[in-house]
Amino acid sequence: MRRWYAEIKNTNKGLVSSFGGGTGHYTQIVWKSSTAIGCGISGSLLVCQYGPPGNFQGQFDKQVNGPVKSKAACQPRNLPVPASCVDKDPTDIKYGRCGRLKYGRVLLRCKDHKAHCAAKSFASGRFGRELKALLWKQCCRTCTLFMRPAPTPAPRPTPLKPASVGQITSCSFEDAQLPYCKMWSQTNGDQFDWSRGSRTPSLGTGPSRAKDGKKFLYIETSGGPKGIRAGNKAILRSELVSIRSGASVSFNYHMFGVPDWLRMIVTSQQKPEQVWAQKGNKGNSWQAATVSLKKYAGKDVQIDFVGSKGHGINSYMGDIAIDNVVLDRGAPTPATTPAPPASSNPAVHAAVKALTKQVNGLESKIDVLDKKVR
């Protein structure tokens, strides 16, 4: 296993963005969602199974976090770190007395200070707990071989200024560069990402082609292998945009199989509000939706598309897709030209008064002449 971890030399400081033959063992060892490992020796071969397994395309950026650097970060849940523990790399074990252990029918082996021990447990219940305690007592080990609680997501940062975009931004996700169309990005506060493709890999769910162009975004919910669990969410978030009169978002969505919720959330002044939502099977065809944003006129907002995985044995058939997203942030309200104010110059006011008096005198003379003529 130490040899597998040594593949880190083929990575970029421990980080990997996709599967490779020269790094596949390393990425599986440190895969974030893998919380258990069972190993056995067959002849001269060490064979391990991971639960849940990893090395899935599109997940490497979140699941491969690089090497552990400090002993403080290495403390497993509910187990103290002995003072004698030497923190070198996630597979290194201080040898101690762990040469060859036999617990029931399970044979554990440590050789030359290298980990051939099982990682978390070979079974659940009392047997698993006793075996884990025995391993910890005999083989000092580091954190990546144990399940750690998920970190608390950081509070949502306040964007500094609205995105510099035109009145209408149309995005069909044809370009893989992030943010999509200089507008839509993956977020860090969710459990998995939206994927981009021309079809979904699962049968009986998701679209087989894009609504517009050749690509679209979708959530893949074939959960166990990817560590995606019921209730997990994927969030696609817009840049901060200034909303004006008549603003709206129109898009196409595909919900076929056993999909959970697709929601649109609008956040203004750090207050999120659900403005649109759909759940369940809508048929094997693209649907259309338009959501008005007129209530946010004059405000800066961020818009989220939130897809979630449902519950139940068929939740793996819950793929949801979106395409052809058009954000119209509205036209500016035309300014009205105010009437010019009356002059406050005293000389002008006196001249107008004198002219009015002369006109009134002429009208009196005309009346006198008119009476004489009659």
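# Briefing: disulfides, cores and a hairpin

Cysteine 39 is buried, and cysteine 48 is buried too. The two form a disulfide, with their sulfur atoms 2.1 Å apart. This is a predicted model. A search of the whole structure finds two disulfides.

**Disulfides**

- The link of cysteine 39 and cysteine 48 is right-handed, with 110° about the S-S bond.
- Cysteine 171 and cysteine 181 also form a disulfide, and their sulfur atoms lie 2.0 Å apart.
- This pair links distant parts of the chain, ten residues apart. Cysteine 171 is in strand β5 (residues 168-171), while cysteine 181 is in the loop between β5 and β6 (184-186).
- The torsion about the S-S bond of cysteine 171 and cysteine 181 is about 80°, so this disulfide is right-handed.
- Cysteine 171 has a relative accessible area of 0%, so it counts as buried. Cysteine 181 has 35%, so it counts as partly exposed.

**Nonpolar cores**

- The largest nonpolar core has 34 residues. Trp184, Phe251 and Phe305 have the most contacts inside it.
- Several strands each supply at least two residues of this core, including β8 (216-219), β12 (261-268) and β16 (320-328).
- Tryptophan 184 touches Cys171, Phe305 and Val325, among others, not counting residues up to four places away in sequence.

- β12 and strand β13 (residues 271-279) pair in the antiparallel sense over eight bridges.
- Arginine 263 stands opposite alanine 277 in β13.
- Two residues lie between the strands of this hairpin, where glutamine 269 takes a positive phi near 55°.

Methods:
Residues numbered from 1 in each chain as written. Predicted model: local features only at pLDDT ≥ 70, side-chain atom pairs only at ≥ 80, totals over all residues. Heavy atoms only, no water. Core = buried A, V, L, I, M, F, W, Y, C linked by side-chain atoms within 4.5 Å. Buried < 20%, exposed > 50% of the residue type's maximum accessible area, 1.4 Å probe, protein only. Helix = DSSP H or I, 4+ residues; strand = E, 2+ residues; numbered from the N terminus. Contact = heavy atoms within 4.5 Å. Pairing = 2+ DSSP bridges. Disulfide = S-S within 2.5 Å.
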